[in-house]
Amino acid sequence: MKDTISIADIEVECHIGVPDDERSKPQRLLISLELEKDLSVAMRADDLAKTIDYHAVWVRVKKICSEKERHLIESLAEEIAEAILIEFSPDSVCVEIRKFVLPGTRHVGVRIERNG
């Protein structure tokens, strides 16, 4: 059985979008993550060093979003997933990004899952 650490709706400001004018000012995005890993050792030891530090993940996601502009939320999702897999070693990661750009819609989004 896999255990899951979830971080819901990390709010970031990001220069993202296909038209130049859309990227010219930061847009609000919400990013949610699910990281799967066997957490039984951490649970028994009650030791942060044996789990995934969700604060460190939060900091890393915010840093990735501020590093450069992008055209696609798909690209941003892939960069986040790759960094999380490399730096925090979950068995898998799911990244969902929501963007608030289309009138008359709650949001548009992308959700990807990658394995370590």
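Is Ile97 buried or exposed, and what is its relative accessible area? In this predicted model, Ile97 is buried, with a relative accessible area of 0%. Its place is in strand E3, which pairs with E4 in the antiparallel sense.

- Four strands form an open sheet in the order E1-E2-E3-E4, and their pairing is antiparallel.
- Strand E1 (3–14) and strand E4 (108–115) stand at the edges. Each has a single partner strand, so one side of each has no neighbour in the sheet.
- From one strand to the next, the twist averages 15 degrees.
- Strand E3 covers residues 92–99 and is joined to E4 by eight bridges.
- Within that pairing, Lys99 stands opposite Val108 in E4.
- Strands of a sheet pair through backbone hydrogen bonds, either parallel or antiparallel.

**Helices on the sheet**

- Helix H3 (residues 54–67) packs on the sheet and touches E1 and strand E2 (27–37). The direction of H3 makes about 30 degrees with that of E1.
- Helix H4 (residues 73–88) also packs on the sheet. Its contacts are with E1, E2, E3 and E4.
- The direction of H4 makes about 150 degrees with that of E3.

**Around Ile97**

- Which residues does Ile97 touch, not counting residues up to four places away in sequence? They are Leu29, Leu30, Ile31, Ile73, Leu76, Ala77, Ile80, Val108, Gly109 and Val110.
- Gly109 is twelve residues from Ile97 along the chain, yet their C-alpha atoms are separated by 5.4 Å.
- Ile97 counts as buried because its relative accessible area, 0%, falls under the 20% cut-off.

**Cysteines**

- How many disulfides does the model hold? The count comes to zero.
- Cys14 is in no disulfide. Its nearest cysteine sulfur belongs to Cys65 and is 5.1 Å away, whereas a disulfide needs the sulfur atoms within 2.5 Å.
- Cys14 is buried, at 0% relative accessibility.
- Cys94 is in no disulfide either. The nearest cysteine sulfur is again that of Cys65, 15 Å away.
- Cys94 has a relative accessible area of 6%, so Cys94 counts as buried.

Technical notes. Residues are numbered from 1 along each chain as its sequence is written. This is a predicted model: local features need pLDDT of at least 70, side-chain atom pairs count only at pLDDT 80 or more; totals for chains, interfaces and linings use all residues. Side-chain values use heavy atoms; hydrogens and water are left out. Two strands pair if DSSP finds at least two bridges between them. Helices (H or I, at least four residues) and strands (E, at least two) are DSSP runs, numbered from the N terminus. Axes are lines fitted to C-alpha atoms, for helices over the stretch in contact, and angles run from 0 to 180 degrees between N-to-C directions. Contact means heavy atoms within 4.5 Å. Buried means under 20% relative accessible area, exposed over 50%, partly exposed in between (1.4 Å probe, protein chains only).
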